[in-house]
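My notes follow in the order in which I took them.

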There are 2 protein chains.
Amino acid sequence: MANSVRSTLHLKRMGIDTHEEPIVYMRADCHVCRSEGFSAHSRVMVTTDRSSIIATLNVVRDGFVLPTEAGLSEAAWLLLAARPGEPASFSHPPPVESFGAVRAKIFGHAFGEAQLLEILTDMATGRYTDIDLSAFLTACTAAGMSLDEVVWLTRGMVKVGERVRWDHAVVADKHSVGGLPGNRTTPIVVSIVAAAGVCIPKTSSRAITSPAGTADTMETLAPVDLDLASMRRVVDRENGCVIWGGAIHLSPVDDLLIRVERALDLDSDAQLVASVLSKKVAAGSTHVVIDIPVGPTAKVRSLDAAHAIARLLERVGNEMGLAVRPVVTDGSQPIGRGIGPALEARDVVAVTRGDRDAPDDLRERAVLLAGEILELAGACTAGGGQTEARNILADGRAWRKLQSICEAQGGMRTPPASSQRFELTATAAGTVVGIDSRQLARAAKLAGAPADPAAGIDLHVRLGASVERGQPLFTLHADSVGELAYAQAYLAAHPGIVTVGEAS
Amino acid sequence: MANSVRSTLHLKRMGIDTHEEPIVYMRADCHVCRSEGFSAHSRVMVTTDRSSIIATLNVVRDGFVLPTEAGLSEAAWLLLAARPGEPASFSHPPPVESFGAVRAKIFGHAFGEAQLLEILTDMATGRYTDIDLSAFLTACTAAGMSLDEVVWLTRGMVKVGERVRWDHAVVADKHSVGGLPGNRTTPIVVSIVAAAGVCIPKTSSRAITSPAGTADTMETLAPVDLDLASMRRVVDRENGCVIWGGAIHLSPVDDLLIRVERALDLDSDAQLVASVLSKKVAAGSTHVVIDIPVGPTAKVRSLDAAHAIARLLERVGNEMGLAVRPVVTDGSQPIGRGIGPALEARDVVAVTRGDRDAPDDLRERAVLLAGEILELAGACTAGGGQTEARNILADGRAWRKLQSICEAQGGMRTPPASSQRFELTATAAGTVVGIDSRQLARAAKLAGAPADPAAGIDLHVRLGASVERGQPLFTLHADSVGELAYAQAYLAAHPGIVTVGEAS
């Protein structure tokens, strides 16, 4: 009794935004810090009548909180659903036993199925710090993951999240492995497939390490932050949707891991496959086409690597009861012209609407993938998928479907335009012999994409194009002078982003 | 010019202790956040006229700072050596190119010497986040480190810190691998070795997760917070010192890595060896004896593990031009009687002064290590080190030396006594068959050590001792009734700290 009284403080909302990290602010001289032996950076379990979280301690010396108070960062306040002045107790969190298996993995011991589930459960309840998550991801990549481990990881990620069920025998889905700037086929594919009468309830991600994720791009055309009930209403009416998966909590652990992967700029096949397939299973999909672009500066750089990922996707998909069809595609240069949410959305609209100057490559890639889905789903004759997809695009059904999906999601929007621009021009005449997708993506990110949806790059040339001296190669778009300057400095330091060979 | 004016804010010391993580606090509506596109968790470069750091942004909404101000956490304030109200500019930090080598290591590629130096330089300038540091440590452990890589890591850690040079051909040093409560041989060893005329300028650490570091214990006998100039004065006069190393900045990267290693509870031989030896080289040492206690609840738990560390210490030491002598010792139970700064200092004084009831094991351990140093340093005949050390202790030279070192460091002090005590007694007669060093350390910390220097545990029995029912096993010392009660609650929950077997 005496103990529980002694470890109580009153909660105060500090109004400090620490992003996703829960922080608790206490005075070094408060009775809790003294009796529990807490110091700066201690992990602290904060418990109210209704809930409990684990947070990291920041020690404040004066002014911010009274010795009888504990402050919470925004993330901590919301996670705990705290009330102003509410009493809370503070204790050392129990040790995270599951991390022992991560330590063993670091030393080369494989995970067991139960261990992985325990790890993922602890992650889902916020018990893994960023340091722990980083070690987990690094260990999985460094030590490698067996097929069994990838299956268990995928299954575990589904188990610790929510799972959607649909009343259709066939629920189609698509995914692009990514790394190819501008490869924004999803809204076009969903429009075609849904117009063909196949159910395709698409949840998409925001950018991980790229200048735009499909959800970022789609958000410039319509709201994407829909909950499950709203998503069901859209899909019941339109057969399809393109929403942000984050609000559905399909694979909450995946979001945590992706955030750390992004910070590390680290991709591994095992994480990729578990991430993609866990989201598909959780979303209730049954038939999944996966685009794997291959190119020297794409995420997958060789056909061998692409086939290895394709095999792993098929094998793990099979174990999870999914029909998975990987499609290895050309990733030697960006698809479309825009890189960044609004610029990509502009290309999506042009292709779907059938504009004469719409980028051919984006249209052809969308037709290819939509065709594969229609065939896999049994919605057309074998080999007839692309023709069917092309017809649906040509006769305006896809464009009407995109508009009604946007309306159903909350209203169609016009993508924003940037306020700051800079045009990079060719310093000599010649032929475009190389385009570095990674550096283009990096420059687009430095310009502010995806946080600023109008930011990014508009690419004016393709491989093999003849250019004159002074001809624009691409245009940087930004929404602040600082970011434009920052991206320009990057361009100056990396003159080979677009390589122009000598005129013959 | 317009840019530099626009991106200026005035610095404010927030008084928030975030441990070693530099945090900058800005309002979302300040012109810098708006023009640079910063949001919560952005990495921000903060630049004054004199210095520059990279910090993580926390966005504050009101009350804490004005829109014309930026707040700094304690770590950021000290790292930047900021002045109140001083103007600073804010920009996006350049990308951390060296992390590419960490990514390559994760995929199994060895580090090159230049790559490791670049990584350590970026760490020293605060460009690695906790996520990055965790990936680095995990990758080093998972992929393994070759002898070359450990040497380069050690050399790099020296290069990025400050380095002390002494005018002696032989500069002796000692280190204990740790994890053994009460193993406070350092002040005794330094007194013996310095009395023998060998230069031994010892820098020590404060407790990180233990109830006392050597610096905490020594601080109850004399000031330890000396800068380099004061340290030199003490050593010039006395041949030796025992000061806190933190003020000397010998291996700043080591402090960062150790913090993340503790969080992960991950020890690797490579990191341990690089950590220990880089600090020794930076301190200007030439001859180093390293105590490696082995026991079931010590840091090193098997003789095989101890010998592997010993070999690596010798080989890397050799490459660094250090004479290193590892000494594998018994770590099956605490050394001495006291656990906690003042209680350990009492034992140190008793042994050094030659008190009849001084703990034998502490004296023998100190004689062993001092003897090894004297031999390694060539200050006595081979095999004659322990005899020489014992003589110096017996004839009062060591005690006079400890007193004059304390005087030279700023004046000798009497360790404080605790105000609250609780005696744990045996519940049955028998033989002491087990002492859990980790739980003893935990109880000592809960009682207030090392923040309250008088707090801790006084152990009255050793392994193999016969005890009667009701005989005291150890005494808890605390400085408040609350902390005493808290440690008592821990004892009640952990009845096996001292295990008494049945009387035969």
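**Helix pair.** I began with helix 18 of chain A and helix 19 of chain A, which are roughly antiparallel to each other, because an angle over 145 degrees counts as roughly antiparallel. Their axes cross at roughly 155 degrees and come within 8 Å. Axes here are lines fitted to C-alpha atoms, for helices over the stretch in contact, with angles from 0 to 180 degrees between N-to-C directions. Helices (H or I, at least four residues) and strands (E, at least two) are DSSP runs numbered from the N terminus.

I then listed the residues that meet: A:Arg442, A:Ala443 and A:Leu446 from helix 18 of chain A, and A:Glu483, A:Tyr486, A:Ala487, A:Tyr490 and A:Leu491 from helix 19 of chain A. Contact requires C-beta atoms, placed from the backbone, within 7 Å. By class, this contact has six nonpolar, two charged and no polar residues. Ala, Val, Leu, Ile, Met, Phe, Trp, Tyr, Cys and Pro count as nonpolar, Asp, Glu, Lys and Arg as charged, and the others, Gly among them, as polar.

**Source.** I noted that this is a predicted model, in which local features need pLDDT of at least 70 and side-chain atom pairs pLDDT 80 or more, while totals for chains, interfaces and linings use all residues. Residues are numbered from 1 along each chain as its sequence is written, and chains are lettered from A and ligands numbered from 1 in the order in which they are written.

**Chain contact.** I found 43 residues from chain A and 42 residues from chain B in the contact. On the side of chain B that touches chain A, helix 6 of chain B gives the largest share, nine residues. That side has 18 nonpolar, 16 polar and eight charged residues.

I also checked strand pairing, for which DSSP must find at least two bridges. Strand 2 of chain A pairs with strand 5 of chain B in the antiparallel sense, over two bridges. B:Val59 is the bridge partner of A:Asp17.

**Helix 12 of chain B.** I compared its length with expectation: the 14 residues should span 20 Å at 1.5 Å a residue, and the end C-alpha atoms are 20 Å apart, which agrees. The expected span is 1.5 Å times one less than the number of residues. In helix 12 of chain B, 14 of its 14 residues are buried (20 or more other C-beta atoms within 10 Å; exposed is 12 or fewer, partly exposed in between). Just after this helix, B:Gly284 has a positive phi of about 85 degrees.

**A:Leu228.** I placed A:Leu228 in helix 10 of chain A. A:Leu228 counts as partly exposed, with 15 C-beta neighbours inside 10 Å. Leaving out residues up to four places away in sequence, A:Leu228 touches A:Val164 and A:Ile248.

Notes. Contact = placed C-beta atoms within 7 Å. Parallel < 35°, antiparallel > 145°, perpendicular 65-115°, else oblique.
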